[in-house]
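Dear colleague,

I am handing over the structure that we discussed, and below it you will find an account of what was found in it. Please read the text with the model open beside you.

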Amino acid sequence: MFVVVGTVPDREFPLVHGTVKLAGELVLIGDKAVPVNRGTPALLAASILATETLGIPAPYAFLVGDIGYGAGSRRLYKYLTEHLHEFDIDTLTFHYIQPIAHWHDKLLAVIDAIRGNPVLIADAGFMYAAKMSGFAERYDLFTPDMGELAFLAHESAPHPFYTRGFILHDEKRAPELISRAYAHKNAARNLLVKGECDYVVHCGSIVETIDNPSEEAMEAIGGTGDTLTGIVSALIAAGFTITDASVCAALANRLAGCLAGPTPATTILEIIAHIPASLKETLAARELPFKESNAIP
Amino acid sequence: MSLLKYFTPKPDSVHDRNDVDSGILIFDSTSEVIRAEKVLKQNGWNIRVMGPPPQVRTGCDLVIEFPLMEEMNILRTLDQSGIIPTETAPVSSPLLKPVDIYTIKDFGRHLMVRAANMKITIDKNDLTIVNISGGGCPDVPYLAHEMTGKRLHEAPCPKDIGHTLCAYALQLAYEEVERRCSL
């Protein structure tokens with residue numbers, strides 16, 4: 001089972017879990033509907049279309065409402081520590097959740113007891129928690145942007161507030177920051193660094209950089225980092241190696257943006273609609289096994 | 001540690017009078033910068049939040065540029081609020097000039113203002129916020145959800161509904177868009 005854990009930017013949204021579906025502009029989970037704007041709903045929408053394209057089951061999500069203050073996240077942490085062991089999980093992606101180190105550690109202990117050793121992916125708030133807890137190396141993939149990479153690279157910063165480079169990005173420093181993150185054991189085994197140039201990293205070595213295709217208007221569009229994490233998670237869930245999945249996701253995400261013919265007012269949903277075509281094209285170009293017959297029409 | 005070690009004075013260096021007359025306050029954490037900015041503005045000081053000069057390796061992502069003549073008064077104001085900068089330095093060399101944290105991109109119909117890592121894009125015809133991008137802080141999806149699709153003056157201010165460093169950067173971008181739209 002491919003599982004995504006995250007939050008919805010709605011204070012009243014209850015804690016729900018279930019298989020997700022995409023219906024127009026909404027992600028459906030149980031009897032609840034979430035608009036795809038950005039954040040975890042955008043990740044899920046990208047994952048749903050990617051899994052459909054790859055012919056594997058749609059993601060199973062655990063969601064709760066949280067507008068960034070952490071009340072919903074705490075309920076979600078508690079629920080997961082009590083119930084996650086009941087699920088048969090092979091790929092587990094954590095996204096926008098309030099970074100709370102002690103809750104992270106409790107949850108990681110539960111994950112370690114899950115049979116089959118699921119692939120662990122972390123982005124956004126949960127990635128901060130993994131670094132703050134000192135357990136970054138336990139993860140298979142982090143998907144930081146340049147600012148988040150600066151936070152990972154800082155050997156002692158307890159919070160992004162203390163990180164030089166968190167909000168003032170310097171893309172030229174990516175290789176140096178990647179080295180520092182690994183030197184101080186603050187990186188997952190693999191990194192997919194999102195930026196003007198995407199870096200695919202395996203065990204500290206940059207194995208590929210991707211800066212094409214590129215559209216200037218994409219810089220203005222919110223949610224492209226979320227969709228990238230959604231695509232790479234789906235590819236890993238489909239059995240691709242993390243390196244292949246990262247390269248293909250970076251390419252497919254960029255191509256989906258181009259296919260949308262973006263303007264600065266383009267929404268992330270308009271880009272997500274092009275993920276099936278961009279993913280097929282990318283897999284074919286990379287000569288990676290994609291079985292059209294398996295794809296759900 | 002003094003910042004003076006980071007540069008070699010150049011008697012013939014060219015910089016405008018404003019540079020000569022300004023200084024920078026350096027802090028360990030951007031949360032202290034945000035508090036200091038608030039206190040100093042409340043007290044009527046003419047200060048600006050900037051990026052640190054490339055030569056300054058200490059401190060966080062932001063510095064405060066202030067009128068050097070008022071250094072003692074400004075430090076006293078901060079001290080009374082319990083905010084102590086780790087270092088104060090005159091902008092006495094181009095290498096110590098703080099950097100602008102804003103980037104403006106004019107796409108024709110749309111205008112994008114970037115402040116540090118956060119970007120806000122508006123439709124110039126009706127001032128509708130068409131996109132908010134950047135940042136991975138926990139409140140970013142909520143900020144984007146609450147602000148996108150609304151006109152600039154009808155949208156909530158990031159400082160009123162957000163609380164992270166990304167929200168702060170978005171507030172700076174929001175204020176810069178407002179300033180440009182009111183010109």
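**Two helices of chain A**

Helix 7 (residues 224-237) of chain A and helix 8 (residues 242-259) of chain A pack with their axes 8 Å apart and at an angle of about 140°; helices here are DSSP runs of H or I with at least four residues, strands are runs of E with at least two, and both are numbered from the N terminus. Axes are lines fitted to C-alpha atoms, for helices over the stretch in contact, and angles run from 0 to 180 degrees between N-to-C directions. That angle makes helix 7 of chain A oblique to helix 8 of chain A, given that angles under 35 degrees count as roughly parallel, over 145 as roughly antiparallel, 65 to 115 as roughly perpendicular and the rest as oblique. The residues of this contact divide into 11 nonpolar, 5 polar and no charged, where Ala, Val, Leu, Ile, Met, Phe, Trp, Tyr, Cys and Pro count as nonpolar, Asp, Glu, Lys and Arg as charged, and the others, Gly among them, as polar. Among the residues that meet are Leu228(A), Ile231(A) and Leu235(A) from helix 7 of chain A, and Ala245(A), Ala249(A) and Asn253(A) from helix 8 of chain A; two residues are in contact if their C-beta atoms, placed from the backbone, lie within 7 Å.

Please keep in mind that this is a predicted model, in which local features need pLDDT of at least 70 and side-chain atom pairs count only at pLDDT 80 or more, while totals for chains, interfaces and linings use all residues. Residues are numbered from 1 along each chain as its sequence is written, and chains are lettered from A and ligands numbered from 1 in the order in which they are written.

**A strand of chain A**

In strand 5 (residues 60-65) of chain A, 5 of the 6 residues are buried, so this strand is largely enclosed by the rest of the structure; a residue is buried if 20 or more other C-beta atoms lie within 10 Å of its own, exposed if 12 or fewer, and partly exposed in between, with C-beta atoms placed from the backbone. Strand 5 of chain A pairs in the parallel sense with strand 1 (residues 2-8) of chain A over 6 bridges, pairing being assigned if DSSP finds at least two bridges between two strands, and Tyr60(A) is the bridge partner of Val3(A). Strand 2 (residues 16-23) of chain A runs antiparallel to strand 5 of chain A and is joined to it by 4 bridges, with Val16(A) opposite Leu63(A).

Chain B has 6 helices and 8 strands, and buried residues make up 47% of its 183 residues. In chain B, 4 strands form an open, antiparallel sheet in the order 5-6-7-8, with strand 5 (102-106) and strand 8 of chain B at the edges. Helix 6 of chain B lies across these strands 5, 6, 7 and 8, running at about 35° to strand 7 of chain B. Helix 4 of chain B is mostly covered, with 8 of its 8 residues buried, and what covers them includes strand 8, helix 5 (158-161) and helix 6 of chain B.

The contact between the chains takes 33 residues from chain B and 30 residues from chain A. Elements giving two or more residues to the chain B side include helix 2 (30-42), helix 4 (140-147) and helix 6 (165-181) of chain B, and the residues of that side divide into 13 nonpolar, 15 polar and 5 charged.

With best regards
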